[in-house]
Every structure is written in C-alpha cells, then in structure tokens.
Amino acid sequence: MHEAELHDLSDDSDYAASQQQASGSIMRCDSGKSAVTEPNGSEVVYSKDNVTIHPTQYASERISGRLLLVKQGSSLFMSWIPYKASTDELGYMSRSSNSGPTEKDRSLYTIKNLPLTDVRSIRRHTPALGWQYIIVVLSSGLAFPPLYFYSGGVREFLGTLKQHIFIMRSADDANVFLVNDFQDPLQRSLSSLELPGVVSVANRASLRDSRGSVSSADNSERVNQETYDGSASTSEYSGRHKHKAYDPARDLSIQVLEKFSLVTKFARETTSQLFREGHNNGFSPYEKRQQNNYASPNLVGTRPNDAQKNADVTSVASDPLEFDKLPLVWGKQRESPLCLAEWAAFLDSEGRVVDSKALRKRIFYGGAEHNLRKEVWKFLLGYHEYDSTFAEREYLAAVKKSEYDIIKSQWQSISATQAKRFTKFRERKGLIEKDVVRTDRSISYYEGEDNPNVAVLRDILLTYSFYNFDLGYCQGMSDFLSPILYVMKDESESFWCFVALMERLGPNFNRDQNGMHSQLLALSKLVELLDSPLHNYLKQADCLNYFFCFRWILIQFKREFEYLKVMHLWEVLWTHYLSEHFHLYMCVAILKRYRKKIMGEQMDFDTLLKFINELSGHIDLDGTIRDAEALCACAGENGTACIPPGTPPSLPVETDMGLYPQDDDVL
C-alpha cells in the first residue's frame, strides 16, 4: 500500500481539491514507516514524541511525553507516557524542581494501555495560532486533557487508527471522529453523545442513505480528511466559514465542551449549542431553528425528536443535591493541608519564603493546617512580604502595633459632647455595635454575653472606620473580620490583615456599588463564555443582572459553608494561584452544577434567588473548587478578557500597602 493511502481518511469532495494544492505530501510519524515489535509480541504501530499536556495556563507546568499506539493481537491500545522530570528530549520546555510539575503530577496525567474500545470519539482541533491538539472522549463521557502535538503528527495518528479500527467523521462536526460504531454508526454514535439537535442530523443522513444518494458500504470504509498545513484547514466545514476571522470565543467554547462539559451527563446536553453560539452571526437556518427550539422549550406540536430534546431540557434530577460524581479524568485531586514540616521547608534560614509560587500552589490545592494559618495568612493577604526575614517581621509587628494604637485612640478620645456633634461617628458606631453582636455568635470564640472577643471585633471595625474614613463601615465587613480575628488572636495583627483584605475587597462596599456591578458583569460574561445555553436561559428569564449571586460575591461565600470550610476556601482564593478572580469561576461552577434544575424547573428571578439562598450548607466545597479550576483552565486568556480591568479583588498597585516603613528621600 502506498504511503498516501495509509493516511487517507477522505470520502468527501474537498479532499480532492486539497490534494491538488498539497501535492500529496504527507508527514511521517517519529517511529518511521515500519512498526516496532516488542518482546511481549505487541506491536508499536505509532509513536510520537513531544506530545504535551497543559494542566494550567503556566508554560512552566506543561508536561511533555510520548504518545503510542500499540497493537496486541486484534486489540489496539493507546498510551501517553510523560518524560521524566530531568528529560527534555526535544528542547521545548525547561524544567526545574521549583516551578515544574512534580512526579506525582506527571503520574496523574499518565495514560497507560487505554483500549480503543473504551473510546467514544476523538476531536481534532487546529487553532489559527498555536499547536494542533486532540481530545479523547471515553464512552463514559469523560475526557482526557487535550494532547498538543508540538511537532505535528495528528494526521498520521488518525491515519494509523483507521488502519486498525473503524472510525468515521461525525456528520455534526467535521473535526469529531467517532470510534468503533458498527451498527448504524451515524445514528447510534450521534444519539449516544446526547447532543441537542444531532438526532435529526443523523435521521437526515439515514434518509439520504435509504434513498441511495450515499453508499453505506462506502461510508463504512472511509472517513473524511482535511489536509493540515500547520495553520489552516480545507474541509467543507471550514470552507463555509473561511470568510470569518478567527474567533477565540468559539475556540474556547469547543475546549470547554470537551474538557469540562463532557464530564457530567447534564452538561453533555449543551454540547451542540456551545459549538454554535460562539459566533452569533454565523448560524445556518438549521442552527437558528435549533436555537429557537431551545429558547422555547414548551413548544406545542413538535416532532418526536424535538420533543425528546425538550424533555432533556426540562427534565429535573430526582435530587438536586445529588451531583453526577464522575471525576475529571484530567483534574488534579485535592491534597491534604500544608503541615508544619512543609511550611518550614519553604523558609530559608532567615525566614524568607524561597518559592512563593510553589507555596501558593500548595495552599491552592490543599489549604493550610489551622495552627499555621496565623503565619500563612499574613503572607497571602500581603501583610508580610514573601522575601521578609524573621527579624523584619518582628520589627514590623512592633511598628504596626504602635500605629494601630494611635489610630484607635482617635475615636477613643471622642467625648460624649463631641459625639453629639459628630453624626457620622454616631451612625457608624451604632451600626457596628448592632452587627458585631450578630456575627458568628454560634462559634465558641464569640458566643456568650459580654464576650471580650466581640468587643475586640467592635474596636477593630471602629478603628478601621477612622483609618479609611471615606469607606467607613458597611454591613458585611464584620463577616470578613470575624475569621481573621479567630485565627490571629491578636488585635493589631487582625486589624492590619483586615486592612490588607479591604485593599482588595473594599470596592465591594462602595456606595455606588461599582465594585459589585463589575464583578456581576464579569460573571455574566463568564457564564456566556462557559455555558451559553444557561446564559441564554437567564437572559430569557430576565436574570442577567445575576443579583441572585450577590451574597456569594459580596462576602466571598461566607454564608454558604461551615466556618472552618470558609477559612479553607478563603486561603484558596487568596493565593491568586490561577486567577485573582477565582471566586467568579466558583460561581460559574455552582451554577453549572445545578443548571439542570434551574432550567428544568423554569425558575424566574424570585424562585432562583430562593433556590440559591437555600443551597447554603449543601454545596460540596472540594468538588466546586475542582470544577472551578477546570473552568478557569479552560477559559484561559479568553476568561481573563471577560473581566474588566480593576475588577475586585485586583491586587493594589503598591503591593506593600505602606506596611513597610520607607526612608525619607535625602536631598
């Protein structure tokens, strides 16, 4: 067989034209033309080096490895084996123990001897910029992380698969290849994907087959193929959109679909919508009809297939708190909290944190043991600089204690006569005293009458109202201060940590609410990006202001979880490891988790607000963090672009916030 035939996946007209342009040139895989026989009788039929996984958006954490197809008897297996930490065979990545992935990370993503019989489909994607990659979706609906081919070779990979198993191109998406569908492959494969709209596509294809316009025998032997030139494709699908500019939002929707939405059954229902809604002006008549059907789920007189789709949209899970717990194949498991021995290892002999990024990553994935929070939180909040020494921190504590006492004395020295003429002070003092007696009184640290810790809480808030007189005090601030004082057990340090936190979250309490509105706007854009059908439903229900998420954002989920879990969540958020705005991805993750109930029950704003408030105490924190991590990784730069500059909790420009005394300029 000629080499051109080995990788011929074509059965459509665009392939012939592409062959004339490409002159039949074909790339070779790393293993060469011939297969390699292993001692155990298995045969390596495809091998490709420098196939890479991107666990996060950080280039330093990319993991390269070797992709293999191994035939053993009549079965075909796929493996992806990461290189060892010290190996960089092709020079694409530099690795170090401080910034690169650990061996544990590498083993997490290893794919060993995956039978191709367990694979449902393979998606090939060729972005306008960057590397080609594939996503392997299992029969269970789970998806492995994208495999990026830094040196090309996707075409050879698919061509090798075609030689040993049955694959065919999806009629719904030219870049999706369905695997091992023998009985009525088009109809059965598309329906098994549980995508809205594909059943009718399959039915139309089956109808064409029955009329003789397409030979089913020929279809069972051939799969469509595009010629890959490194930056563009020539398929019929891309040809219809050739006049359009590269749309990163649509590109992201496809990534989100495969990498996250396929994780859960209910999310699979949104797949075709995610494909289509990335470009509002590019709908075909069929796609517009499908969109209209989605927007009106209670249409009368629909066809059977449409009725089935509507039933999928409006069906309600038996228990809204029972989430499909299938794990992310490509996600990173939560870890145990940072312990004292690990913390000590992060410090040099003088007390400096030697690798702040690694520390923040460690806390992001596991949090910190409670007895360490008093020290760790000071770094996360910016009260201490990561490169400060033990001696510098001790000196800082003394200086800031003196400064705190001075600020506190300002309001303590106000006499009763002065207070009568100081309306703003009286109002703020009254509001603070009213709030502190209602803040976390079920926690032993604050319970009981005449609790001195409640008095300290009041004093810190009053002092802050004088320190930041423009902002003053607003309801909700006591919710932030309470866990900080609980951890610090020190009035001055609690005050300065609270000051540091308010540098980030103070805009939440501005009178004009610009800080909150900017976050709600960013949340709206993220939902539109990551789950456009849910966004469209909320638009239809007149809920696009996202005010039902107001409490989540205002006090960072303080009322949604138990006290200790809130502290764990906050330290995760304060790492800013993946994003300064990780709390917004948390919001998206929770909404996606309950989207089927929200959409199925056709909730209006009041019903949705009640439902969201009743979720308090019922949200799986670790699962939500993992989902938010997946969404954040999927969104990447497109997600960042959804968040307006300056949206809280953006870090202040002056990272030390004046905490460290500066020498006066000497003239």
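**Cysteines, a helix pair and a buried aspartate**

Cys339 is partly exposed, with a relative accessible area of 23%, whereas Cys497 is buried at 0% (buried means under 20%, exposed over 50% and partly exposed in between, with a 1.4 Å probe and protein chains only). The structure holds zero disulfides, a disulfide being a pair of cysteine sulfur atoms within 2.5 Å. The model is predicted, so local features need pLDDT of at least 70 and side-chain atom pairs count only at pLDDT 80 or more, while totals for chains, interfaces and linings use all residues. Residues are numbered from 1 along each chain as its sequence is written, and side-chain values use heavy atoms, leaving out hydrogens and water.

Cys497 also takes part in a helix pairing. The axes of helix 21 (residues 477-488) and helix 22 (residues 491-505) come within 9 Å and cross at roughly 140 degrees. Contacts (heavy atoms within 4.5 Å) involve Met477, Phe480, Leu481, Ile484, Leu485 and Met488 of helix 21, and Ser494, Cys497, Phe498, Leu501, Met502 and Leu505 of helix 22.

Turning to Asp435, this residue is found in helix 19 (residues 423-436), helices being DSSP runs of H or I with at least four residues, numbered from the N terminus. Asp435 is buried, with a relative accessible area of 6%. Not counting residues up to four places away in sequence, Asp435 touches Tyr473, Gln475 and Ser478. The C-alpha atoms of Asp435 and Arg458, 23 residues apart along the chain, are separated by 8.8 Å.

Conventions:
Helices (H or I, at least four residues) and strands (E, at least two) are DSSP runs, numbered from the N terminus. Axes are lines fitted to C-alpha atoms, for helices over the stretch in contact, and angles run from 0 to 180 degrees between N-to-C directions.
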